[in-house]
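Here are some notes to read alongside the model.

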Amino acid sequence: MSKSIGSNFARVMIAMLLIVCALITLTPIVWLVAATLKNPDDIFHYTFFPPIRALTLDNFRDLFHLTHFGRFMVNSVFTTGATVLVQLFFSSLAGFALAKYEFKGKSAVTGLMLATLMLPASVTMAPLYDLLYHMHMVDQYAGIIVPGAVSVFGIFLFRQAIVQVPDELLQAARLDGCSEFRIYWDIVMPVSRPMIGAFCLMSFMGAWNSFLWPQIILHHDNLFTVPIGLNQLLGVYSSKYGMLMAGTLVGVLPVAALFMLLQKEFVAGLTSGAVKG
Amino acid sequence: MSATINPAPSKAPPDAKTPSRTTIHRPKASWFSAQYKLAPYVFVSPFILLFAIFGVYPIVKSILLAFYATNGPKNQVFVGLSNFHYMFHDPDFWTAVTNTGTFALWSVFLQLPLSLGLALLLNQKWLRGQNFLRLAFFSPNLLGQVFVGVLFSQLFMVHYGLVNRILNALAPGVFSLDTKWLSDPTYVMPAIVLTSLWLYCGFNMIYFLAGLQAVDRELYEAALVDGAGPWRQFLHITLPGIKPIAVFVLVTSTIGSFQLFELPYLLLGGAGPKNSGLTVVMYLYQNGFQTGDLGYASAVGWTLAIGVLFISLIQMRITGAWKGTKG
């Protein structure tokens with residue numbers, strides 16, 4: 001849209017509107033940060049930040065001393081890390097096979113996967129619980145990691161990225177005596193770096209923020225992940241607002257940090273699935 | 001990724017060397033061709049195995065389970081259609097359906113237009129600081145539903161909460177400081193919708209922005225020559241141009257809306273006053289898992305899946321028809 005609405009007045013209005021929207025969006029996050037730094041008595045006394053002398057880190061100290069939050073973080077890091085790595089390896093390997101090989105049953109497998117993509121997770125939760133109960137994986141880390149290792153979405157993402165790798169590159173490596181696994185490891189994976197970044201972030205966000213399934217599978221709080229642990233604290237310490245907000249802030253930091261690291265890849269990966277639409 | 005656009009790159013295999021290399025590897029040739037033939041099967045098998053056990057089997061099992069009443073994983077009794085009979089006669093189920101449907105309508109008719117509007121505003125060549133604005137609008141998404149639920153349960157607090165304070169400062173006559181966002185059934189749905197608006201507007205905006213940036217700019221210049229105003233440009237160039245991505249966003253965000261669970265569950269600490277925040281997935285969780293009736297959970301799950309599939313098909317049908325009238 002060029003000059004017709006590009007008059008200076010319109011430009012100022014658009015810029016102002018955008019700034020107001022951005023402020024509205026950022027306000028709750030600023031409030032969250034401020035709330036973690038206030039004394040329990042001050043939390044509603046000052047709307048945002050208190051004067052510097054009233055700032056305190058007590059909420060964080062309480063969070064890690066009074067509760068098992070440290071343990072929740074370790075549990076979350078472990079289950080999320082394991083889920084992301086396993087998903088990444090299996091999805092990229094299978095995505096490579098679907099993109100670059102012809103083999104028996106390929107179209108059947110693809111069709112079956114597409115069909116399951118359309119079913120919401122809530123359909124399979126009950127039988128999956130039943131299955132994991134009989135496999136003795138209920139109330140275990142494995143009950144979260146093992147069923148979470150399958151990412152049909154990831155396979156399609158990688159298939160789409162790897163299809164674009166030129167066949168000549170793979171053929172040249174074969175002539176040089178490269179085994180198929182080395183082609184995957186030394187050529188396909190390095191070339192797909194942007195997609196790996198995007199996938200890791202999406203997979204990390206999904207696993208880290210996952211609530212319903214851990215809530216169903218985990219019963220003892222020494223195994224709790226951050227989201228269900230925080231939910232438990234919400235019931236036990238309902239009046240310790242500052243501490244709960246500290247838990248919220250610490251709980252979102254890993255995702256935020258990873259996002260800052262992988263921002264570019266993420267936006268590219270997010271929309272790559274949609275553009276074909 | 002520019003090299004991948006051209007499928008015939010200049011990187012020709014080194015022809016002079018290859019014959020000698022293959023002859024050197026001659027003793028290994030049979031192993032080499034065997035691993036080439038087996039590779040795809042080996043590569044997909046770990047996935048296929050997990051997919052069969054944790055993906056396909058539960059789907060098949062859930063169809064059977066929907067006709068059973070269970071008490072925990074141990075006791076299962078065939079009950080035929082009575083799970084469905086009970087569900088369709090349970091007022092709580094219909095409350096959940098109404099709440100979830102209302103939420104989905106707000107998502108489609110309020111959230112998506114606002115996301116598109118934001119994307120249109122942001123898609124200006126002259127605008128400085130685009131990356132910062134885009135990051136700002138997207139940032140709520142980094143928190144996820146659970147953490148946003150906890151955060152907003154404090155923001156919506158009666159009298160002291162930030163939402164009431166700001167609204168009361170802006171329009172004291174309209175908004176009371178004591179508006180009970182989370183404990184008055186009238187305000188619960190608005191609170192959920194507002195929170196989800198804050199959470200997802202920027203997320204959908206990213207999609208719309210990608211769509212807008214793919215629209216051919218020459219079309220706008222041609223339209224200017226023809227004297228088309230901004231509104232007609234939007235109607236005849238922008239909308240058709242972003243249609244594929246808009247349909248994608250419409251369908252996926254509708255499907256997402258029907259999965260609503262974490263946000264109200266954390267915001268309200270459960271179903272809320274008079275079940276005003278009860279959603280279908282929450283109903284499934286409460287009636288299936290908290291009571292241990294996995295059969296009933298399956299029945300609710302399948303009802304939701306079929307309902308959502310049906311709505312998605314209608315949406316694709318309608319948007320497809322829109323394409324017909326355009327041409």
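1. How many Å separate the centres of domain 1 of chain A and domain 2 of chain A? Taken over C-alpha atoms, the two centres are 33 Å apart. Keep in mind that this is a predicted model. The domain assignment puts residues 1-56 of chain A in domain 1 and residues 60-271 in domain 2. Where the two meet, domain 1 of chain A brings 8 residues to the contact and domain 2 of chain A brings 7 residues.

2. Now for the area of that contact. The size of an interface is often given as the accessible area lost when the parts come together. Here domain 1 of chain A and domain 2 of chain A bury about 610 Å² between them, and 88% of that is on carbon and sulfur atoms. On the side of domain 1 of chain A, the residues that lose the most area to domain 2 are Leu32(A), Thr36(A) and Ile43(A). Together they make up 62% of what that side buries.

3. What about charges and polar pairs across this boundary? Between domain 1 of chain A and domain 2 of chain A, the count of salt bridges is 0. The residues on the side of domain 1 of chain A that touches domain 2 of chain A are 7 nonpolar, 1 polar and no charged.

4. Have a look at Asn59(A) next, which sits in helix H2 (residues 58-66) of chain A. Is Asn59(A) buried or exposed? Asn59(A) counts as buried because its relative accessible area is 3%, and the cut-off for buried is under 20%. Leaving out residues up to four places away in sequence, Asn59(A) touches several residues, among them Thr36(A), Lys38(A), Gly242(A) and Met243(A). Its side chain reaches the backbone oxygen of Lys38(A) at 2.9 Å. Asn39(A) is 20 residues from Asn59(A) in sequence, yet their C-alpha atoms are 7.7 Å apart in space.

5. Over all chains, the structure holds 8 salt bridges. One of them crosses between chains: it runs from Asp130(A), in helix H5 (residues 125-134) of chain A, to Lys61(B), in helix H3 (residues 29-65) of chain B. The N to O distance for Asp130(A) and Lys61(B) is 2.8 Å. Both of these residues are buried.

6. Two further salt bridges lie within chain A. Glu180(A) pairs with Arg174(A) at 2.9 Å, N to O. Glu180(A) counts as buried because its relative accessibility is 0%, and Arg174(A) is buried as well, at 10%. Arg182(A) pairs with Asp186(A) at 3.0 Å, N to O. Those two both lie in helix H9 (residues 180-191) of chain A, 4 residues apart, or about one turn of the helix.

7. One last item for your list is a network. Asp58(A), Arg61(A), Asp62(A) and Lys240(A) are joined into one network by salt bridges that share partners.

Conventions:
Residues numbered from 1 in each chain as written. Chains lettered and ligands numbered in written order. Predicted model: local features only at pLDDT ≥ 70, side-chain atom pairs only at ≥ 80, totals over all residues. Heavy atoms only, no water. Domains from an automatic or database assignment. Contact = heavy atoms within 4.5 Å. Buried area = accessible area lost by both parts, 1.4 Å probe. Salt bridge = Lys/Arg side-chain N within 4 Å of Asp/Glu carboxyl O. Nonpolar A, V, L, I, M, F, W, Y, C, P; charged D, E, K, R; others polar. Buried < 20%, exposed > 50% of the residue type's maximum accessible area, 1.4 Å probe, protein only. Polar contact = N/O pair within 3.5 Å; in protein donor to acceptor, adjacent residues only side chain to side chain.
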